[in-house]
Amino acid sequence: PYAGPVESKNEAAMSELVPEPRQKPVVPMKPMGINANLLGYIGIDTIIEQMRKKTMKTGFDFNIMVVGQSGLGKSTLVNTLFKSQVSRKSSGWNREEKIPKTVEIKAIGHVIEEGGVKMKLTVIDTPGFGDQINNENCWEPIEKYINEQYEKFLKEEVNIARKKRIPDTRVHCCLYFISPTGHSLRPLDLEFMKHLSKVVNIIPVIAKADTMTLEEKIEFKQRVRKELEVNGIEFYPQKEFDEDLEDKTENDKIRQESMPFAVVGSDKEYQVNGKRVLGRKTPWGIIEVENLTHCEFALLRDFVIRTHLQDLKEVTHNIHYETYRAKRLNDNGGLPPMTVETEENHESNL
């Protein structure tokens, strides 16, 4: 039968009343591990090469301090470490200079290049340390110098117009030379490390280790480790800064077996079995500096330069500098005090 226009109107009204079925919301898929072999090479791993290229262009800073009595071979050891004449004495200083009446700070800068990588190396020497009759508080000029470098870096950081790359003069590593007595640490050694271990990475080394027999060396190393532990002195690498189990395992081995490194330094070459080696000539033979059966110089070099150099820099920045920075900003209510120099810089920046 013919429905007519009335029915079609009713149908239209009904269709308006019945809501259209709503679409289900799209549920986002869970992230899935992408099989690189299936989809092809992406290139994420090139970030390492990009970082390497950038570092090679800009280079990097490394500042090493040597502390110890005169005559322990500090200059020779630093020269041996970097296979260059980088120490204070080999940079034009008078070898016959008198022992200074107070501790002095002498910093010598060099640029060393190897395999296209540039390193701005600064060697900080401390002539006069431990050479006086009264050595009371002789570590204070050294502590003051280290804190001055932190202050310099902090002032650059809080400037309105900061430099793109702040010059880094902070001390990344302090080699502390222990006299090879074979007995125990002197009160001066303990006092220095107790004060300075809180502000800088200290690596203790036993100097001129060829003056001890193998048994004396092992016994002395154990005694030094025990004395440091009893006095609550922490040297680098500190236990609390181990980031993971791999780091802990590696660093525990260094702390329990290698520290303090018993070393011999020499910048003279000799012929041994047809090979040129760095060593010290004695009436009974040649002590080879890089031979592990003769001394632990190779272990120290690998530790400071080949495995932990970047970590030394990071611990300096993230721990020692941050501790200094937090204290300074807290003491001063937020900013370092304005001197005439910083006021002028502030005005010129504005």
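What covers the buried residues of H4? The cover includes S1, S2, S3, strand S4 (173-178), strand S8 (275-282) and H9. Helices (H or I, at least four residues) and strands (E, at least two) are DSSP runs numbered from the N terminus, and buried means under 20% relative accessible area, exposed over 50%, partly exposed in between (1.4 Å probe, protein chains only).

This is a predicted model, in which local features need pLDDT of at least 70 and side-chain atom pairs count only at pLDDT 80 or more, while totals for chains, interfaces and linings use all residues. Residues are numbered from 1 along each chain as its sequence is written, and side-chain values use heavy atoms, with hydrogens and water left out.

The protein has eleven helices and nine strands. Of its 350 residues, 39% are buried. Taking contacts (heavy atoms within 4.5 Å) between residues at least 6 apart in sequence, 69% join residues at least 24 apart.

H4 is largely enclosed by the rest of the structure, because eight of its nine residues are buried. These are Lys 74, Ser 75, Leu 77, Val 78, Asn 79, Thr 80, Leu 81 and Phe 82. Lys 83 follows H4 and has a positive phi, near 50°.

Phe 82 also belongs to the largest nonpolar core, which has 74 residues. Such a core is a set of buried Ala, Val, Leu, Ile, Met, Phe, Trp, Tyr and Cys residues joined through side-chain atoms within 4.5 Å. Phe 62, Phe 82, Leu 175, Phe 192 and Ile 203 touch the most other members. Not counting residues up to four places away in sequence, Leu 175 touches residues including Leu 77, Leu 81, Ile 203 and Leu 300.

H4 (74-82) is also one of the elements that each supply at least two residues to the lining of the largest pocket, as are strand S1 (60-67) and helix H9 (297-307). H10 gives the most, with six residues. The lining divides into ten nonpolar, five polar and twelve charged residues.

Glu 269 lies in strand S7 (residues 269-272) and is partly exposed, with a relative accessible area of 48%. Leaving aside neighbours within four places in sequence, Glu 269 is in contact with Arg 276, Val 277 and Leu 278. Glu 269 and Gly 279 are ten residues apart in sequence and 6.2 Å apart in space, C-alpha to C-alpha.

Technical notes. Nonpolar A, V, L, I, M, F, W, Y, C, P; charged D, E, K, R; others polar.
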